[in-house]
Amino acid sequence: MTAPTGNDAFHPDLPDPPGGPAGPGPSRRRVHHVRADALDGDTAQSGGMRRFAAISGARVGSERIWMGQTHVAPSTASADHHHGASETAIHVISGHPEFVFLDDGSGDGADGGADGGVDGAGGGAGAPREVRLRTGPGDYVFVPPYVPHREENPDPDEEAVVVIARSTQEAIVVNLPSLFTRKSES
């Protein structure tokens, strides 16, 4: 039996890759390895945090995702900010970072329930109130587009480290004067 060739050698049910049978450009035809000691600190920043890019359009040619690390020093809080149209997924590696945002009382209850690490959250409409999500290693957090928030590390001794993935190829950071800033004001 002869081995399949071309795209069929990879998977017979997949269509031709973008760019036609020749495939995408050179950076999109190989797997990229970014070592932990080779992260790029030349990223958008918020006060109180250090962001390091691992996967980005500039580094590996990604078109729809950005991924990297954020370090929050002990006893530190970031500036209030949002990430534009990016969806943001966060995985806590070390420390106990806290994520602070405003709740308008219209939540869907999917934040882990009454003992899921949410302070100040609860049903009922009314004035927006500050909510603090307390996290630990292994936890995940999702931040929807344009949601003003900040990260805090209340621990006086331990740095908090998280891995972040965003739905855009670069790290969008829009610093804000407060959590109460609306999208139209930013």
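## Strand 10 and its partners

Strand 6 and strand 10 run antiparallel and are joined by four bridges, where strands are DSSP runs of E with at least two residues, numbered from the N terminus, and two strands count as paired if DSSP finds at least two bridges between them. Within this pairing, E98 has E152 of strand 10 as its bridge partner. Strand 10 (residues 149-153) also pairs with strand 3 (residues 76-77), again in the antiparallel sense, over two bridges, and here T76 has N153 as its bridge partner.

Strand 10 is mostly covered, since five of its five residues are buried, buried meaning under 20% relative accessible area, exposed over 50%, and partly exposed in between, with a 1.4 Å probe and protein chains only. In a regular strand the side chains alternate between the two faces of the sheet. In strand 10, H149, E151 and N153 point one way, while R150 and E152 point the other way, and all are buried.

## How the model is read

This is a predicted model, in which local features need pLDDT of at least 70 and side-chain atom pairs count only at pLDDT 80 or more, while totals for chains, interfaces and linings use all residues. Residues are numbered from 1 along each chain as its sequence is written, and side-chain values use heavy atoms, with hydrogens and water left out.

An open sheet of five strands has the order 1-2-11-5-9, with antiparallel pairing. Strand 1 (49-55) and strand 9 stand at the edges with a single partner strand each, so one side of each is left without a neighbour in the sheet. Neighbouring strands of this sheet are turned by 25° against each other on average, direction ignored, with axes taken as lines fitted to C-alpha atoms and angles running from 0 to 180 degrees between N-to-C directions.

Inside the sheet, strand 2 (residues 66-72) pairs with strand 11 in the antiparallel sense over seven bridges, and Q69 stands opposite V163 in strand 11.

## The core and a buried serine

The largest nonpolar core has 13 residues, and W66, I90, F99, L133, V141, V162 and I164 are those with the most contacts inside it. Such a core is a set of buried Ala, Val, Leu, Ile, Met, Phe, Trp, Tyr and Cys residues joined through side-chain atoms within 4.5 Å. Strands 5 (88-94), 6 (98-103), 8 (129-134), 9 (140-143) and 11 (160-166) each give two or more residues to this core.

S86 lies in the loop between strand 4 (81-82) and strand 5, and S86 is buried, with a relative accessible area of 0%. Not counting residues up to four places away in sequence, S86 touches V143, P144, P145, R166, S167, T168 and I172, where contact means heavy atoms within 4.5 Å.
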